[in-house]
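Here's a quick briefing to read alongside the structure. Take a look at the model first, then work through the points below.

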Amino acid sequence: MTAGAKAAGLTLAGFLARAALSAARDLERTASAVADEREVIAEFFAARRHLGRIGSNLNQIARAVNAGAHPGELDVVIAATDRAVQRVQHATDRLLHQD
């Protein structure tokens with residue numbers, strides 16, 4: 001939750017208060033729908049962290065390639081990038097198909 005609060009530019013208490021008020025206003029949503037939404041949001045935050053690490057690795061590899069090397073990590077980073085993109089796509093699909 002602290003990551004969500006930080007991303008929203010709120011303190012943890014403010015984030016929790018806003019979430020509680022939002023849930024109270026929307027009485028039509030079931031606990032299952034709220035749980036699904038939390039899972040999707042958590043997946044987006046995890047994917048964002050993962051992509052940040054990949055970006056750092058890509059910068060290091062670009063420096064090595066520019067120096068004439070072909071780092072062995074290149075294939076690993078490309079595979080990690082593909083997995084991260086798939087995670088974002090899956091989370092996006094889940095978010096768009098919620099009823």
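Histidine 50 counts as buried, because its relative accessibility is 18% and buried means under 20%. Keep in mind that this is a predicted model.

**Around histidine 50**
- You'll find histidine 50 in helix α3, a helix that covers residues 31-66.
- Leaving aside residues up to four places away in sequence, histidine 50 touches Ala80, Ala84 and Arg87.

**Over to arginine 87**
- Arginine 87 and arginine 48 are 39 residues apart along the chain, and their C-alpha atoms are separated by 9.9 Å.

**The positive patch**
- Arginine 48 also turns up in a patch of positive charge on the surface, where Lys6, Arg48, Arg49 and Arg53 gather.
- Which helix gives the largest share of the positive patch? That's helix α3, with three residues.
- Arginine 49, a member of the patch, is found in helix α3.
- Arginine 49 counts as partly exposed, because its relative accessibility is 47%. A patch takes residues with over 30% relative accessible area and no salt bridge, so arginine 49 clears the area cut-off at 47%.

**The chain as a whole**
- How many helices and strands does the protein chain have? Its secondary structure comes to four helices and zero strands.
- Going along the sequence, you read the pattern α-α-α-α.
- The protein chain has 99 residues, and buried ones make up 15% of them; histidine 50 is one of the residues that count as buried.
- Take the contacts between residues at least 6 apart in sequence: 58% of them join residues at least 24 apart.
- The accessible surface of the protein chain comes to about 7,300 Å², and carbon and sulfur atoms account for 58% of that surface.

Technical notes:
Residues are numbered from 1 along each chain as its sequence is written. This is a predicted model: local features need pLDDT of at least 70, side-chain atom pairs count only at pLDDT 80 or more; totals for chains, interfaces and linings use all residues. Side-chain values use heavy atoms; hydrogens and water are left out. Patches are made of residues with over 30% relative accessible area and no salt bridge: like charges are joined within 9 Å, nonpolar side chains (Val, Leu, Ile, Met, Phe, Trp, Tyr) within 5 Å. Accessible areas come from the Shrake-Rupley method with a 1.4 Å probe; for residues, only the protein chains shown count as cover. A salt bridge is a side-chain nitrogen of Lys or Arg within 4 Å of a carboxyl oxygen of Asp or Glu. Lys and Arg count as positive and Asp and Glu as negative; His and the chain ends are not counted. The place of a charge is taken as NZ of Lys, CZ of Arg, CG of Asp or CD of Glu. Helices (H or I, at least four residues) and strands (E, at least two) are DSSP runs, numbered from the N terminus. Buried means under 20% relative accessible area, exposed over 50%, partly exposed in between (1.4 Å probe, protein chains only). Contact means heavy atoms within 4.5 Å.
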